[in-house]
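Here's a quick tour of one protein chain, stop by stop. Keep the sequence and the 3D view open as you read.

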Amino acid sequence: MTEGGTTMRGAAGGAARPYWAPGTQILWRYRENGGARIHIARPVTVVRDDSELLAVWMAPGTECVRPVLADGTPVHQEPLATRYTKPRAVQRDRWSGTGVLKLARPGEPWSVWLFWEPGWRFKNWYVNLEEPLVRWAGGVDSEDHFLDISVQPDGGWHWRDEDEFAQAQRDGLMDSALAGRVREAGRAAVAVIDAWGPPFADGWENWRPDPSWTVPSLPQDWDRTPVHASP
């Protein structure tokens with residue numbers, strides 16, 4: 001099987017290898033909230049993949065899929081009161097600005113993203129609260145949980161998108177039990193930040209992509225149903 005022109009390697013005898021080799025191109029996807037369709041798909045390149053961590057690089061200019069309102073209006077331009085109730089569609093677009101390094105530990109209900117300013121000046125970490133990633137042959141899938149945490153280079157942090165988190169509950173996209181689990185996950189992430197545990201203390205802000213890597217292509221079947229998915 002190929003993703004973005006890169007072959008997914010198999011173990012001896014044709015069995016799928018448990019981890020992707022560095023340089024493998026896969027999809028990082030999110031399901032729509034309150035539904036089963038994929039509404040975000042981003043081709044990425046594997047930096048590291050093992051029992052402790054999946055790290056991937058989303059290069060500048062990568063063609064992605066993002067949600068929009070049915071009339072093509074960007075979601076963030078819609079007033080919050082109707083942002084999650086108006087009909088939606090998806091749209092192909094390209095990632096603007098600098099690239100993003102995404103880090104996720106198996107089974108953890110968040111991933112950590114690193115952002116840089118032009119010239120590789122480190123900007124910040126971003127903790128994206130989400131369902132633990134589920135792996136499949138072509139990549140990983142999750143569901144976003146609205147609430148996020150921004151972490152500055154000096155270790156200071158603040159909550160992000162609390163208004164969206166509250167609105168999603170009002171609109172029935174998450175019940176009180178799920179909202180409670182998301183808050184609990186957020187507090188657990190804050191404990192890691194306050195202790196300056198991994199990945200914050202691991203030097204990822206000094207990482208740079210392999211210059212030989214090409215920008216992955218968005219496959220036509222980016223929304224295909226995974227087969228043999230696993231945590």
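This is a predicted model: local features need pLDDT of at least 70, side-chain atom pairs count only at pLDDT 80 or more; totals for chains, interfaces and linings use all residues.

Let's start at E32, which sits in the loop between β3 (25–31) and β4 (38–49). Helices here are DSSP runs of H or I with at least four residues, strands are runs of E with at least two, and both are numbered from the N terminus. Residues are numbered from 1 along each chain as its sequence is written, and side-chain values use heavy atoms, with hydrogens and water left out.

- E32 counts as buried, at 18% relative accessibility; buried means under 20% relative accessible area, exposed means over 50%, and partly exposed is in between (1.4 Å probe, protein chains only).
- Setting aside neighbours within four places in sequence, E32 is in contact (heavy atoms within 4.5 Å) with R37, H39 and E143.
- E78 is in the loop between β6 (63–69) and α1 (80–83), and it is buried too, with a relative accessible area of 9%.
- Again leaving out neighbours within four places in sequence, E78 touches L69, R83 and K86.
- The side chains of E78 and K86 make a polar contact at 3.2 Å; that term means a pair of N or O atoms within 3.5 Å, where, within protein, one must be able to donate a hydrogen and the other to accept it, and residues adjacent in sequence count only if both atoms are side-chain atoms.

**Helix α2 and its buried side**
- Which residues of helix α2 (residues 162–170) are buried? They are E164, F165, Q167 and A168.
- Those residues cover an arc of only 165° around the axis, so they are on the same side of α2; the arc is that of the directions from the helix axis to the C-beta atoms.
- Covering the buried residues of α2 are elements including α1, β12 and α3.
- After α2 comes G172, with a positive phi near 80°.

- Most residues other than glycine have a negative phi, and most peptide bonds are trans.
- F146, in strand β12 (residues 139–151), has a positive phi near 70°, and F146 is buried at 4% relative accessible area.
- W196, in the segment after α3, has a positive phi near 50° and is partly exposed at 28%.
- P198 and P199 are joined by a cis peptide bond, with omega about 10°; P199 is in the segment after α3 (176–195).
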